[in-house]
Amino acid sequence: MNDYEVIIGLEVHAELSTKTKIFCSCPTSFGAEPNTHTCPICMAMPGALPVLNEKVVEYAVKAGLATNCEISKNSKNDRKNYFYPDLPKSYQISQYDKPLCEHGYVEIDTKEGKKKIRLLRIHIEEDAGKLNHDEFAGGSLVDLNRAGVPLIEIVSEPDLRSSEEAEQYLKKLKSILEYIEVSDCKMQEGSLRADVNVSVRKKGDTKFGTRTEMKNMNSFRSIVRAIEYEANRQIDVLEDGGTIEQETRRWDEVSGKTFSMRDKEDAEDYRYFPEPDLVAIKLSDEYIENIRKNLPELPESRKERYLNEYHLSEKDSNIISSSKYLADLFEQATKICNNAKAVNNWIISDISRILNETETEPIEIPFDSNQLAKLVILIDKGVISSSIGKKVLVELFENPRDPEEIIKEKGWIQISDEGAIKEIVMKILEENPQSVSDYKAGKDKALGFLVGQAMKQTKGKANPKMLNEMFIEELKK
Amino acid sequence: MDITELTVHELQEKIEKKELTIKDIMQAYIDKIDEKEKDVQAFVTELKDEAKKQAEEIQDKIDKGEIKGKLAGIPIGIKDNICTKGIKTTCSSHMLENFISPYNATVMEKINEQNMINLGKLNMDEFAMGGSTEYSYFKKTKNPWNLNKVPGGSSGGSAAAVSANMVPWALGSDTGGSIRQPASFCGVVGLKPTYGLVSRYGLVAFASSLDQIGPIAKDVEDTAILLNIISGHDKKDTTSANIEKKDYTLNLKKDIKGKKIGVPKEFFGEGINLEVKESLENAIQTYKNLGAEIEEFSLDIAQYSLATYYIIACAEASSNLGRFDGIRYGYRAKDFKNLKELYTKSRSEGFGAEVKRRIILGTYVLSSGYYDAYYKKAQQVRTLVMNEFNKAFEKYDVILTPTSPTVAFDIGSKSNNPLEMYLADICTVSVNIAGLPGISIPCGIDKQGMPIGMQLVGNKFEEDKLLNIAYAFEQAIQFRKNYKPNFIK
């Protein structure tokens, strides 16, 4: 097993977040009633013609520039011909030999340091519709709402050497696309999906092994598992003296295995040829430079700033900068409350934990930077304790509103009145004589217990610092 | 007076002088259809009742002064591959026998803006593939000059309907000669505009890089008037040219003295019928008499045009016709066990033999391993053809050739011989390959009384010059005054 090297190449499809489809003016929004976002063009009525949406070109060029690609000034569309009911024209308008972007790279962090993953190309194409096999007993139903939604296909060179690298690469790509705001990258809605090519070879070999492909994978976890399974399967086949067939395999989530779908013999001949209904895409230097100038700051640069300006740890800088939404949340909240360390802690620990538990994406965080900053300020000012702060955060996730309102409503304002604190302290001391004598006998732990009891009785509202001081003072007496 | 004998510009004069009403005109055409259609069989869908009603409404609006416009109420026939909202658009195919388009082609929007009246959808070779209209799924249209002969194709219904005076004019489409050749066979005028002058939006695609919609009319002046209506940039068709709109009637009647006409000798060689050749030689003499300068030259590359044309046209067609898959609209086979059978049966039963032949040809030339040898090579030759024509237009105002090597042939004589049928396109296809405008006008008749057509080819977007040179010839020989179709049985 250790004698082998795994070679992975990814073809990532990202739906672009343009308002309208690539060749007509139908909306691209997700989740509408079937076939309501359609027109003669995206339904491929006889005689209808496509008109290229200029925003699609702009977004693809943006993606190309953000991934260090060369932008082609002379590009064109081609037809990829095949029959399937979700493809109404019986051809997909894509790009074949003249993609918009070529020869880029994305940098990922590996155990051995930074590594450049080269991009072969990025091209534009249209998405297909969807088939529904369940709702109608007599057969399958076709929904063409997604037909014509713009996609970019980002094709990597076979530079990835492990499932971890593949995951790193995908996460980096996703984060870049989010930063430049060309795709919302919602994997569960299928707006980011990948075809995964895997092959193995003996370490030291210079020739690639035969590869297999797994199509339309839409979760990081499945991709990682599928790569690992497929690499091991291929190694087993080779070790048993067999050969790998070039084929498309299907990943089965439940069994955790891949199955042969169709082999090379059935491979379709797509009969690519230049799309005669569209004129060539010609871009001026000025157009490209203008997009380059207006590119937003990318994750790599933000990470550097977090390390240097805010003195966050390497790990925290990575986590926060990986998501544009988290990064914006961090920077905006910090600007308001002026406590980078606290904002960082909230994001890295509690917010990340809640996102993980509820399987939500940062972009779905319901509260804004203002509300997070308010929370930090309330703690900094001693209005609430940090344990109350955690409860406020849960409230913010459930029903986002002004934290000040939340604590008033819930009666969570910290007790910082000296008289009130003293009253509680005296009561606890009276109720726990054993702890008092333990403390006096030198068991410092007893103090913690007493403070805990006081917090419990006040439902966490007592100012912990004042409690602590007051207990020590009283116990000394 | 037979109203249907009049050209549209003559009708316009009579309307203006209040000698005729819209209703009179419509009734005359409906009567003519009732008289001739049973012999000619030009219509797939007749819209007589609808047209009559529309004529009354439009007359009413004109009387009330609600609409003006010189073409309001003028009837027109539409080739059945141009989408008409709410009216069947069949492409003369079993596949689309009951297809009703949910939208109008851009040219139909323009026709409707003028308040012109669609009198019916006209027969054609299935999906515009053919040169005799014999490949229509529904019926064989007859040539009004001799009902035993084909009207040409693929716009045979359009040309025959104009020739038989069942419509004053019509729209056709031309991918390799489909307007000009039937116009020539039926003794009427047909213009294929420069690629990009007329929007293709709503024209059911045969070969996207070659297709153009154009007028078929009784004379050159009507052709110019109809071109004025249908031409112009369309945002819905990115291959339509964004150029300034011209008035094609403006220079029509100018003197053509000193105009230079090139005659490519390759178009007068082997395979050209002697009577056709003779008639064209007379035409050349007529031009000389009109003061034009005639020069013979060589358009060597033309011999490769036919092969180039059939590769490109079939390749594009094989892809364009993929959408007729029995899924969303059109014919679907009754019995199928699975998806593959749904496709193969629907397409096998829905398409005719010629359409299937071209789909197979096109699929083959695009297949991996053959692409370079056929499609890529054809595109290279296409560039050479364009260059050769460009060179010629440095010297000549127009190029003169026969429209077809022969006159209309007997029904059934070629329909089983595809190669011979393809050869009939030899004079017209290079014009589509190069994207140029070409017009066919009648230049004489043969001994059997069948009309002969002359083709004039112009430089890109120089339809005004082309029409001017055609008009001068038409005035000189007065074909329409001298010859009429006589429906020989």
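Predicted model: local features only at pLDDT ≥ 70, side-chain atom pairs only at ≥ 80, totals over all residues.

**A chat about the structure**

User: Okay! What is chain A built from, in helices and strands?
Analyst: Chain A has 15 helices and 16 strands. Its radius of gyration is 29 Å, well over the 23 Å that the globule rule gives for 477 residues, so chain A is more spread out than a compact globule. The C-alpha atoms of chain A fill a box of roughly 95 × 55 × 55 Å along the principal axes.

User: And how much of chain A is buried?
Analyst: Of its 477 residues, 42% count as buried.

User: Which domains does chain A have?
Analyst: Chain A is split into domain 1 (4–287), domain 2 (298–406) and domain 3 (418–476). The centres of domain 1 and domain 2 of chain A are 34 Å apart. Where these two touch, domain 1 of chain A supplies seven residues and domain 2 of chain A supplies six.

User: Which helix gives the most on the domain 1 side?
Analyst: That is helix α2 (residues 163–179) of chain A, with five residues. The domain 1 side of this contact has three nonpolar residues, one polar and three charged.

User: New topic: which residues touch the most other members of the largest nonpolar core?
Analyst: They are A60(A), V196(A), I76(B), A170(B) and A470(B), in a core of 213 residues. Helix α9 (residues 305–320) of chain B gives the most to this core, with eight residues. Apart from it lies another core of 31 residues, including I319(A) and I406(A). As a general point, nonpolar side chains tend to be buried together in soluble globular proteins.

User: What is I76(B) in contact with?
Analyst: Leaving aside neighbours within four places in sequence, the partners of I76(B) include I111(B), M116(B), W169(B) and A170(B).

User: What does D219(B) touch?
Analyst: Not counting residues up to four places away in sequence, D219(B) touches T7(B), V189(B), E474(B) and R480(B). As for H94(B), that residue is 125 residues from D219(B) in sequence and 34 Å from D219(B) in space, C-alpha to C-alpha.

Definitions and conventions: Residues numbered from 1 in each chain as written. Chains lettered and ligands numbered in written order. Helix = DSSP H or I, 4+ residues; strand = E, 2+ residues; numbered from the N terminus. Rg over C-alpha atoms; globule rule 2.2 N^0.38 Å. Buried ≥ 20, exposed ≤ 12 C-beta atoms within 10 Å, placed from the backbone. Core = buried A, V, L, I, M, F, W, Y, C linked by C-beta atoms within 7 Å. Domains from an automatic or database assignment. Nonpolar A, V, L, I, M, F, W, Y, C, P; charged D, E, K, R; others polar.
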